[in-house]
Amino acid sequence: FNKAGLAAFEKQVRERFEAVSGEPSEYSCRGWSEVLRAVYCAQRNIPAYVALAEQSGLKAEDCLAVAKLLAGQKPNQALAWLERGRALDRESQFRYGAGYDLEKVHRQLLTKLGRKNEALEAAWANFREHPSKFTYDDLMKFVPKAERQEWREKALSAAKGKNLYSLLELFVETRA
């Protein structure tokens, strides 16, 4: 879509969303809401996205989307949205894929803001909570090169006694 086409599409989707809003069938409403969210992201229309998300139920995924839209120009506001999304994700009965992305973008943004120690602490906390090859790799992205061997030993020590299935790849990766 070009800009005019996207605006026309948004108008059509908005009409369909409003037509099914309040109907007993949540499925249609949810579907059109998701399409509108995608349109607002493409338009980089943060106020419209936030209003829709609050109207239809703010989720962790929404906070992640808004944070990504804000990250380039307003990193402090983006960080606040990430914190909000992380809180929603922790409160949720069912954790979604957004939780991982929220944590990842949170650490990246902290680094961008010059708060590397906080990013390292967050990666370390995530590793201790879920030790695996993947969280180890994330952790090592924030560890200074000169300290990698020390952190490797610290991570392996912290991982002992945890779920063996998750640790197998970690031990192979680190040659422990």
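**Figure 1. Overall view of the protein chain in the predicted model.** Among the contacts in the protein chain with a separation of 6 or more, 47% are accounted for by residues 24 or more positions apart. The secondary structure of this predicted model comes to ten helices and zero strands. The radius of gyration of the protein chain is 20 Å, well over the 16 Å that the globule rule gives for 176 residues, so the chain is more spread out than a compact globule. Taken along the principal axes, the box filled by the C-alpha atoms is roughly 60 × 35 × 25 Å. Buried residues make up 39% of the 176 residues, and the accessible surface comes to about 10800 Å², of which 53% belongs to carbon and sulfur atoms.

**Figure 2. Close-up of the largest nonpolar core.** This core has 43 residues, and those touching the most other members are Trp-81, Leu-82, Phe-127, Leu-139 and Trp-151. Helix α4 (residues 60-70) supplies the largest share of the core, seven residues. In soluble globular proteins, nonpolar side chains tend to be buried together. For Leu-139, when its neighbours within four places in sequence are left aside, the residues in contact are Leu-120, Ala-123, Trp-124, Phe-127, Trp-151 and Ala-155.

**Figure 3. Close-up of the salt-bridge network of Glu-34, Arg-37, Lys-59 and Asp-62.** The model has a count of twelve salt bridges, and these four residues are linked in a network of them. Glu-34 forms a salt bridge with Lys-59, in which the closest N and O atoms are 2.9 Å apart. Because Glu-34 lies in helix α2 (residues 26-43) and Lys-59 in the loop between α3 (46-56) and α4, this pair ties together parts that are 25 residues apart in sequence. Glu-34 counts as partly exposed, at 36% relative accessibility, and Lys-59 is likewise partly exposed, with a relative accessible area of 32%. The side chains of Arg-37 and Asp-62 also meet in a salt bridge, at 2.7 Å from N to O. Here, too, distant parts of the chain are linked, with Arg-37 in helix α2 and Asp-62 in helix α4, 25 residues apart. Arg-37 counts as buried at 5% relative accessibility, as does Asp-62 at 1%.

**Figure 4. Close-up of the salt bridge between Lys-141 and Asp-138 in helix α8.** The two side chains meet at 3.5 Å, N to O. Both residues lie in helix α8 (residues 133-142), where they are three residues apart, about one turn of the helix. An α-helix has 3.6 residues a turn, so residues three or four places apart point the same way. Lys-141 is exposed, with a relative accessible area of 56%, whereas Asp-138 counts as buried at 6% relative accessibility.

**Figure 5. Close-up of helix α3, its cover and its two ends.** The buried residues of α3 are Ala-48, Tyr-49, Val-50, Leu-52 and Ala-53, and what covers them includes α1 (3-20), α2, α4 and α5 (75-91). At the start of α3, a side-chain oxygen of Asn-45 reaches to within 3.1 Å of the backbone nitrogen of Ala-48. Following α3 is Gly-57, whose phi is positive, near 105 degrees.

Note on methods
Residues numbered from 1 in each chain as written. Predicted model: local features only at pLDDT ≥ 70, side-chain atom pairs only at ≥ 80, totals over all residues. Heavy atoms only, no water. Core = buried A, V, L, I, M, F, W, Y, C linked by side-chain atoms within 4.5 Å. Buried < 20%, exposed > 50% of the residue type's maximum accessible area, 1.4 Å probe, protein only. Helix = DSSP H or I, 4+ residues; strand = E, 2+ residues; numbered from the N terminus. Contact = heavy atoms within 4.5 Å. Polar contact = N/O pair within 3.5 Å; in protein donor to acceptor, adjacent residues only side chain to side chain. Rg over C-alpha atoms; globule rule 2.2 N^0.38 Å. Areas by Shrake-Rupley, 256 points an atom, 1.4 Å probe, with all protein chains shown as cover.
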